Amino acid sequence: MMRVPSWLLRETVTITPQIGMGWDGPEYGEPNTARCHIEPGQRKVTDRQGEEVVAEATAFFAPEVAVKPGDKVTWEGRNYTVIEARPLRALGKPSHVEVVLK
């Protein structure tokens, strides 16, 4: 299987999945850790609602890592919210997940 090389996944982050919406906002499940590569840097992106937002970083995870819009990602004491998570393929096989963070 073509996949992102593990030696590129140097950072460890905590992913806290959003499990639903309560009357006072998002509700979150149990946090878990994952390895990734993070590239800090601002850029304009369009979220799922079609709104233009400024992303603060982009993270690249192995294809089996479960991460979705609304989840929280914590890296080096900084908290981010997942704007978009795109599974990407190389040669027809899952290679990695690109995650846009704000």
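**A buried charge**

Modeller: This is a predicted model. In it, Glu 11 is buried, yet Glu 11 has no salt bridge. The nearest side chain of opposite charge belongs to Arg 10, and that side chain is 5.6 Å away.

What does the side chain of Glu 11 have at 3.1 Å from one of its polar atoms? The backbone nitrogen of Ile 38 lies there.

Now look at the surroundings. Set aside the neighbours within four places in sequence. Glu 11 is then in contact with Ala 34, Arg 35, Cys 36, His 37, Ile 38 and Trp 75.

Next, the place of Glu 11 in the fold. Glu 11 is found in strand S1, which covers residues 11-16. The protein has eight strands and zero helices. From the N terminus on, the elements run β-β-β-β-β-β-β-β. The radius of gyration is 14 Å, close to the 13 Å that the globule rule gives for 102 residues, so the protein is as compact as a globular protein of that length. Along the principal axes, the C-alpha atoms fill a box of roughly 45 × 30 × 25 Å.

Among contacts with a separation of 6 or more, 48% come from residues 24 or more positions apart. The accessible surface comes to about 6300 Å², and 52% of that surface belongs to carbon and sulfur atoms.

Definitions and conventions: Residues are numbered from 1 along each chain as its sequence is written. This is a predicted model: local features need pLDDT of at least 70, side-chain atom pairs count only at pLDDT 80 or more; totals for chains, interfaces and linings use all residues. Side-chain values use heavy atoms; hydrogens and water are left out. Helices (H or I, at least four residues) and strands (E, at least two) are DSSP runs, numbered from the N terminus. Buried means under 20% relative accessible area, exposed over 50%, partly exposed in between (1.4 Å probe, protein chains only). Lys and Arg count as positive and Asp and Glu as negative; His and the chain ends are not counted. A salt bridge is a side-chain nitrogen of Lys or Arg within 4 Å of a carboxyl oxygen of Asp or Glu. A polar contact is a pair of N or O atoms within 3.5 Å; within protein, one must be able to donate a hydrogen and the other to accept it, and residues adjacent in sequence count only if both atoms are side-chain atoms. Contact means heavy atoms within 4.5 Å. The radius of gyration is taken over C-alpha atoms; the globule rule is 2.2 Å times the number of residues to the power 0.38. Accessible areas come from the Shrake-Rupley method with a 1.4 Å probe; for residues, only the protein chains shown count as cover.
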